[in-house]
Amino acid sequence: MTENTALYVYALLPDRADAAEGVTGLDGRPLRVVAVPGTGVAALVHEATPAPFQGDDDRVRRWVAEQSEAVTTVWERAGSLLPMTFNVLVAADTASGRSAEQRLGDWIREQEEDITGQLDALSGRCELRVEVTLDRQAASAGGSAASTEETEGGARSPGMRRLLAKQREQREKNAAGQLADTLHAGLRRRLLAVAEDLRDRGAAHRDPGETDVLSAALLVRREDIDSVGAVLSEAQALQPALRIRFLGPWPPYSFTETRPQAAAEHAAG
């Protein structure tokens with residue numbers, strides 16, 4: 001039987017022993033908080049074998065969801081937290097005789113200033129995800145030019161009608177692209193007026209008839225969440241062709257710089 005000689009690390013957080021009480025992680029494993037004496041920092045972990053969690057796509061998605069749920073629960077209790085990515089493991093060092101917990105503690109002590117600085121900076125903050133696209137058909141003038149083309153096309157051959165349709169589609173796409181660029185600059189500026197930081201992300205959702213305007217993660221004080229919603233509502237009112245997806249609040253995944261690379265192996269093979 002393989003021994004549990006590693007720790008699976010979910011997050012770093014201020015030392016608070018009760019933060020993980022009753023919380024479970026991957027496959028229902030009970031989580032615990034490992035405090036590092038003298039630092040005020042702790043790690044959210046469970047015991048594990050020194051091997052990555054591997055499985056089919058559905059299983060991995062379930063694990064990632066379980067990890068996210070556990071981290072969010074503890075984050076809400078602790079008020080500040082540095083979430084780790086999936087499959088961060090700290091293994092025991094058989095050569096030196098140091099346990100996984102000792103190795104994790106060594107790394108936290110080495111990085112204490114950076115970790116505590118981030119925990120302080122992120123206290124009371126959350127991450128919001130904003131995805132904004134432009135519906136090209138809704139954004140197009142849609143009036144006389146398109147209607148005239150369609151009327152004229154009725155008397156033309158099927159090949160000509162297809163050509164006219166493609167030309168119209170390209171004009172709509174070009175016009176939407178120019179409008180999206182203009183909207184992006186203004187929306188980004190207004191969001192940064194209520195958010196502390198903004199990081200661009202790749203678009204996660206976009207229908208074929210939509211043009212990307214902005215896809216970003218925002219670092220926001222909890223009391224400013226409604227202000228972000230107000231900015232987006234105003235943008236929607238000014239340009240009804242916008243399609244807005246507003247997600248969160250979540251722990252600040254996109255704004256966490258610390259990863260225990262020196263002590264944690266993203267186990268492979």
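**Charged pairs and the sheet**

Modeller: R221 is partly exposed, at a relative accessible area of 33% (buried is under 20%, exposed is over 50%, and partly exposed lies in between, with a 1.4 Å probe and protein chains only). This is a predicted model, in which local features need pLDDT of at least 70 and side-chain atom pairs count only at pLDDT 80 or more, while totals for chains, interfaces and linings use all residues. Residues are numbered from 1 along each chain as its sequence is written, and side-chain values use heavy atoms, with hydrogens and water left out.

The partner of R221 is E223, with which R221 forms a salt bridge whose closest N and O atoms are 3.8 Å apart (a salt bridge being a side-chain nitrogen of Lys or Arg within 4 Å of a carboxyl oxygen of Asp or Glu). E223 itself is exposed, with 55% relative accessibility. By this rule, 18 salt bridges are counted. Side chains of opposite charge can pair when their charged atoms come close.

A second pair is found in helix α2. There D106 and R109 meet through their side chains at 3.7 Å, N to O. Residues 100-110 make up this helix, and the two partners, 3 residues apart, are separated by about one helical turn (helices are DSSP runs of H or I with at least four residues, strands are runs of E with at least two, and both are numbered from the N terminus). D106 is partly exposed at 25%, and R109 is likewise partly exposed at 42%.

The sheet supplies a further case. R243 forms a salt bridge with D135, at 3.6 Å between the closest N and O atoms. This pair links distant parts of the chain, with R243 in strand β9 and D135 in strand β6, 108 residues apart. R243 is partly exposed, at 29% relative accessibility.

Those two strands also pair with each other: β6 (residues 125-135) and β9 run antiparallel over 7 bridges (pairing requires at least two DSSP bridges between the strands). Within this pairing, E127 stands opposite W250 of β9. Both strands belong to an open, antiparallel sheet of 4 strands in the order β7-β8-β6-β9. Its edge strands, β7 (197-200) and β9 (242-250), each pair on one side only.

Finally, D27, R29, R62 and E66 are joined in a network of salt bridges.
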